[in-house]
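Please read them alongside the sequence and the coordinates.

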Amino acid sequence: MKPFDERLDTALADDNVRTGLTSFQRGWRESRDTMIGALEEQEGRSFDELRQEFAAIKDGVRDNWDHYIDRFTANATAAGATVTRVGTPAEANEAFVRIARDADADLVVKGKSMVSEEIGLNHYLEDVGITPVETDLGEWILQLAGETPSHLVMPAIHKRKEQIAELFTRVLEREFPPDDIDRMVKVARTELRQKFLASGIGLSGANALIAEGGSIMLICNEGNNRMSVALPPVHVVTVGIEKLVPTYADAMKQVRLLARSATGQPITVYTNFVTGPRPGQQQHILLLDNGRTAMNEDPDVAAALRCIRCGACANVCPPYGVVGGHAFGHVYTGAIGLVNTEFHHGIEEVAGPQSLCVSCGACAQVCPTDIPLPMQILEIRQDVVESGAAVPGGRIAHLGIGAFGHRRLVDLGFRALGIATTPLRRDGVTKIPAIIADREPFATRVGWRSPPAIPVRPARDTLKRGKLAEPTPLDAQPLAGRRVQLFLQCLSDRMAPEIPIATAKLLRAAGAHVMVPREQHCCGLPAYDAGEQDAARDMVRQTMQTLEGIDDVVTPASSCLAMLKHDAPHLLRDDLDGLERSQQLAGRTYDLISYLTAGPGRLPAGSLDNGDRTPVTVHRFCQASNTLGRRDAIEQLLRDVAGVPVVPLPEASECCGFGGSTSVRHPEVSAGILDRKLGCVDRTETSILITDNPGCILHLRGGVHASGREVRVLHLAEYLAGRLPDATSADGSPDASTNGA
Amino acid sequence: MNTTTAPNLLQRFAARVTEASSTYLEVAGWQQVVEHAGGYSEVVAIAPSLAAAQPEVRELLEAAGVRVVVPDGDDPAAEVADVPVAIVRAEMGVAESGSLLVSEHALGDRVVTMLCHRLIQVVAASDIVDRLEGAAEWLAARNGQPGFASLMTGPSRTADIERSLTIGVQGPDEVDVLVLTATDPTATTEDDA
């Protein structure tokens, strides 16, 4: 396989990848959601209950792994199979070739098997003079093209029909019109049929190994897998030991989740249960470990062994949608590939791909076995950072995060930057002089997103006691007598002070006494996202220290809340005192929206209705949806309290591209995700985009400005503060501006 | 499995079968199955296990002037390669998914369902179960034997090219599910439950 950088460049240079995958992801999401909804209705239970039930079955197997492996082996052997445990890919390949030599076979027909890809079987066979023929249509296309799968279930999803027609025309030496997909599909039948009949070995994978009975469960839609199993005189199964389930009934639970999550079908056309060879046939089962036992011994990632290879995690992954599986993964693609690659193929192979993850959390929402993928990927990222493996932007990120830990240094730096860039400040952005802006690589790497204007004074200065005029109180005073510590969020304090300032005004107008702890800095999320967990822990602890007390803590940044509520307990799991303190803090910390809707600051309907009915749309910060479980709280508040029409944003909860450190390490990927987001905004035909996470806002504003769109991007606090009785502008801070339009 | 089939079970089964792009048909007995098959082709393959268990199917077909192929020779695949129509008997139907559980241990049985163009799957109404667990029970009761059982749900398909759905790939292009509504005594002679 080519190095990651090359794979990434190839993917970014091919427009087919992005257009094809965006349309695939959208179509898949719709079918999957419909199917899962129907399943919930059929079963009378939620998707969460169903997947947790199956996850518990899979975990139970791994708790007694040897027992189930032995039981499967005994039953399969009794049915006439030869079961062999293999440790490494080399052992697996050698075992396969021995079987082929014994059977005097030089042609192998292959049903789809990711394990055969994992062990690099095709190359190995070709080197020793045995011809493997892929028989799954997608895999066959890739074999003809000399490529590897870019998706676990839809291996050729990165290819457009025009490319496939051209390939067939060239290889099969007759004309294939690109619009005649039917003809391209049917040619597989005629081309492959003779291979099935002539081959000495049929290879298959297995979707499940059923300990009870010693059966292999094997699903497919095309029917090729059945032929690979049945027709040749020898059937070889290559399968990972994590595929075990105890009983047939357990396998049916997998069936219910698998196809719905994989292709959005209720069930695949064929669900085959193979127990031993047919009369006159030999069957060999190669049970592969290749890092699986080691994975099971690592509590941070063991749950990834529940994976049933449905590919759902790729189908909702924003960076996957831009670059596809050849870059987003190694042999195993998608989010799961960012986890298991370290164990199956080594840390060097995952170093590049893992740097693409935006930590949006979408994969964990759709995973049918409830694998906490986002958290696991950050563990892998930390392993990568610690290992010193080469990772894009790694050195700079390490230095940057190290420096960012020093609050005073950061303060000074931003003040200096604010002064230095004063002459360049225009329309809320920093206007980079053309002599730099038009040059490569600057134009490609930075040009898509105008950098924000850096104020000379951070929000904390403006918010010093007595500096900001008392706002006219609202009629409703839900926060009367309450003391609120405002957690500014490090970025908006220094790069978008209008956001915390508007938050303070709003809270004060609702009756709160707002305090701004002077020592506050950063919750640690950027460090955690960068795989720098020690630095992240230091920052969490520093934040806990500065926010001590019993008062409510409110932040305009939902990302900080996600960090305190969700990630800090994980980071501090070995520090009981710290863990308890972080949970206490998380218990009294709110993001603005939850403070105003579910918390003490509930505003009565219509209390911020100033009569302005200009429609708005809402981007749902991905982690708020995926990690904090927020749904349409902002939309509801805007409708009920502000009285404004809200046009639903398509793909509202999808990441905007700012997540993780992707926008710094892989700006072209981030730009692709942003482009998809802004395309959705265009479809709403609104000119005001509201969201509540400062990172998203800076990113979206930069993208709106650079693309010349006429859209104002506002934090919820700014929008609401702009509707206060005495509001003159949406922000109220002299040196801040709110949009790029 | 010989209990009377609840009408809504059959309805649900029919709905799922149709959604899987199969054709659903209720028939009174094997004579109607034969007429259905003969309407499509003058050559019909029968799975060897069915031919052995219910020899009258072959007789009925031949009486209707149909040439019958039973692939039980040395090279069963060659005997039925691209045969236009084939008939198999399913062990059960699953209402939840519209699947037919077909047990096909010998190569001759397997090639029939793999290589034909139109596959006729016959199941007794009394053998239709509610949920997939019914199929799991069947498998568990036999400990996986006789060795190869498939839940078949519709004609073969792919969406590997641009996620565009194409029906009829490497397996059958058409699947007809014929439910024997149990009045015909020969419909249940094979029942072993």
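1. Asp461(A) counts as buried because its relative accessibility is 8%, which lies under the 20% cut-off for that class. The side chain of Asp461(A) meets that of Arg415(A) in a salt bridge, with 2.8 Å from N to O. Since Asp461(A) lies in helix 24 (residues 459–462) of chain A and Arg415(A) in helix 21 (residues 407–420) of chain A, the pair ties together parts that are 46 residues apart in sequence. Arg415(A), for its part, counts as partly exposed, at 23% relative accessibility. As the model is a predicted one, the distances and accessibilities in these notes should be read as properties of that prediction.

2. Salt bridges with shared partners also join a set of residues of chain A into one network, the members being Arg407(A), Asp411(A), Arg460(A), Asp493(A), Arg494(A) and Glu519(A). Over all chains, the structure holds 59 salt bridges, and two further examples are taken up in the next points.

3. Asp182(A) counts as partly exposed at 37% relative accessibility, and Lys186(A) is partly exposed with a relative accessible area of 30%.

4. Turning to the aromatic residues, the count comes to six aromatic pairs over all chains. One of them is formed by Trp140(A) and Phe168(A), a tilted pair with 5.5 Å centre to centre and 55° between the planes. Because Trp140(A) lies in helix 8 (residues 137–145) of chain A and Phe168(A) in helix 9 (residues 161–172) of chain A, this pair ties together parts that are 28 residues apart in sequence. Trp140(A) counts as buried at 6% relative accessibility, and Phe168(A) is buried with a relative accessible area of 0%.

5. In chain B, Phe13(B) and Tyr24(B) form an edge-to-face aromatic pair, 6.2 Å centre to centre and with 75° between the planes. This pair links distant parts of the chain, since Phe13(B) is in helix 1 (residues 7–19) of chain B and Tyr24(B) in strand 1 (residues 23–27) of chain B, eleven residues apart. Both Phe13(B) and Tyr24(B) are buried. Back in chain A, Trp140(A) and Phe168(A) belong with Phe176(A) to one aromatic cluster.

6. Helix 16 (residues 334–345) of chain A deserves a separate look, as eleven of its twelve residues are buried and the helix is therefore mostly covered. Among the buried residues of helix 16 of chain A are Asn340(A), Thr341(A), Glu342(A) and His344(A), together with Ile336(A), Leu338(A), Val339(A) and Phe343(A). The helix is followed by Gly346(A), whose phi is positive, near 100°.

7. Asp75(B) has its place in the loop between strand 3 (67–69) and helix 5 (76–80) of chain B, and it counts as partly exposed at 45% relative accessibility.

8. Is Asp127(A) buried or exposed? Asp127(A) is exposed, with a relative accessible area of 67%, and it lies in helix 7 (residues 121–127) of chain A. Asp127(A) and Leu218(A) are 91 residues apart in sequence, and their C-alpha atoms are 28 Å apart in space.

Notes. Residues numbered from 1 in each chain as written. Chains lettered and ligands numbered in written order. Predicted model: local features only at pLDDT ≥ 70, side-chain atom pairs only at ≥ 80, totals over all residues. Heavy atoms only, no water. Helix = DSSP H or I, 4+ residues; strand = E, 2+ residues; numbered from the N terminus. Buried < 20%, exposed > 50% of the residue type's maximum accessible area, 1.4 Å probe, protein only. Phe/Tyr/Trp six-rings, centres within 6.5 Å; stacked < 30°, edge-to-face > 60°. Salt bridge = Lys/Arg side-chain N within 4 Å of Asp/Glu carboxyl O.
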